[in-house]
Amino acid sequence: MRVLLIGANGYLGRFVADRLLADPAVQLTALGRGDDADVRFDLATGSPGALTRFLDAVHPGVIVNCAGATRGGARELTRHNTVAVATVCEALRRSGCGARLVQVGCSAEYGPSQPGSSTAEDAVPRPGGPYGVSKLAATELVLGSGLDAVVLRVFSPAGPGTPAGSPLGRLAEAMRRAMQSGDGELKLGGLGAQRDFIDVRDVARAVHAASLSAAQGVINIGSGRAVRLRDAAAVLARVAGYGGALHELDGPPGPPLRSPIGHPRLDPDHAAPVAYPYPDGCGSWQQADVRCARDRLGWRPRINLEESLADIWMEAACRI
């Protein structure tokens, strides 16, 4: 099976590439903007015609799109998350390769959820920010394209390679700095948010399974369990051996917490582009209903959050 992977050098794409390369039946070609791609092509500025000619020459059986932008203004997000996917869909429609498309979406497309609920694929999306809007527009383009396509809505990825700007990445970095300086107190905000964390390696397994399946439409990829950032911070503190006190800036009055959890306070020079404390536009709660992934892909998460956090900490601790 020849697979064309778009965005192989990104956070998710690197693990998807590793997973696909481990399958001896897969011949992998990486397409992207960087010099390390097998084929250099910018989906945000390249023409569908040029991509069509490449598809007709390579004739992939599956196209996996992990590319996109998570930060930036509305125009940049639209260009890299929506226009880019429109280019892929149009090129596939024109091409005679008949490839299956696996589009990696995200839970920000759903927006905030009712606390205590599990969000299923038939929920009405109400994204709370430009990132979620741009990803939802891409999903709608894929679903309306008439192609053999599936969209995997990935909830909150975690594990090795977690970006330093993500909530768990910022938390690990704040803890590393506190331990390095001998600071016995860490002030954190945004610890009340609850997210469905899923290890990036489990996401890669889901992409592999979707590539081999005939499933179409939208499929949630998550753990099926919302975790309060405060609790994730407590696990990270235990893994790191941090025994200092944690002050929850936006928590209830009372003594400081001994275990941390959430978005560290942002410095003025690194302010979030949208309203704190939910810069992802997902409100205080998100939890995936993952029965569809189990039934249609034969996929279940395997890696627990403690292992993901241990890997995040291992990388943070190595930074000097």
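User: Why are α5 and α9 called oblique to each other?
Analyst: In this predicted model, where local features need pLDDT of at least 70, side-chain atom pairs count only at pLDDT 80 or more, and totals for chains, interfaces and linings use all residues, their axes come within 9 Å and cross at roughly 50 degrees. Under 35 degrees counts as roughly parallel, over 145 as roughly antiparallel, 65 to 115 as roughly perpendicular, and the rest as oblique. The pair α5 and α9 is therefore oblique. Axes are lines fitted to C-alpha atoms, for helices over the stretch in contact, with angles from 0 to 180 degrees between N-to-C directions.

User: Which hand does the crossing of α5 and α9 have, left or right?
Analyst: α5 passes α9 in a right-handed crossing. That word applies if the near helix is turned clockwise from the far one by less than a right angle; anticlockwise is left-handed.

User: Which residues make the contact of α5 with α9?
Analyst: α5 gives Leu-168, Ala-172, Met-175, Arg-176 and Met-179. α9 gives Leu-309, Ile-312, Trp-313, Ala-316 and Ala-317. Contact means heavy atoms within 4.5 Å. By class, nine are nonpolar, none is polar and one is charged. Arg counts as charged, with Asp, Glu and Lys. Residues are numbered from 1 along each chain as its sequence is written, and side-chain values use heavy atoms, with hydrogens and water left out.

User: What makes α7 oblique to α9?
Analyst: The axes of α7 (residues 229–240) and α9 come within 9 Å and cross at roughly 55 degrees. That angle makes the pair oblique. The crossing is right-handed. On α7, the contact uses Ala-232, Val-235, Leu-236, Arg-238, Val-239 and Ala-240. On α9, Leu-305, Glu-306, Leu-309, Ala-310 and Trp-313 take part. Nine of the contact residues are nonpolar, none is polar and two are charged.

User: Why is α3 called roughly parallel to α4?
Analyst: The axes of α3 (residues 74–94) and α4 (residues 130–143) come within 9 Å and cross at roughly 10 degrees. That makes α3 roughly parallel to α4. The contact includes Leu-77, Val-85 and Cys-89 of α3, and Tyr-131, Lys-135 and Leu-141 of α4. In this contact, 11 residues are nonpolar, four are polar and one is charged.

User: How do you know where empty space is left?
Analyst: Rolling a probe the size of a water molecule over the atoms shows it. A cavity is a set of points on a 1 Å grid over the protein atoms alone where a 1.4 Å probe fits but cannot get out; lining residues have an atom within 4 Å of a point. The structure holds one cavity of 30 Å³ or more. About 60 Å³ lies in the largest cavity.

User: What lines the largest cavity?
Analyst: Thr-162, Pro-163, Ala-164, Gly-169, Ala-172, Ile-312, Glu-315, Ala-316 and Arg-319. α5 (167–181) and α9 (305–317) each give two or more residues. The largest share, three residues, comes from α9. The lining has five nonpolar, two polar and two charged residues.

Key: On a 1 Å grid over the protein atoms alone, a cavity is a set of points where a 1.4 Å probe fits but cannot get out, and a pocket is an open set with protein on both sides within 12 Å along at least five of seven lines; lining residues have an atom within 4 Å of a point. Grid points are joined across faces, edges and corners, and a volume is the space filled by probe spheres set on the points. Helices (H or I, at least four residues) and strands (E, at least two) are DSSP runs, numbered from the N terminus.
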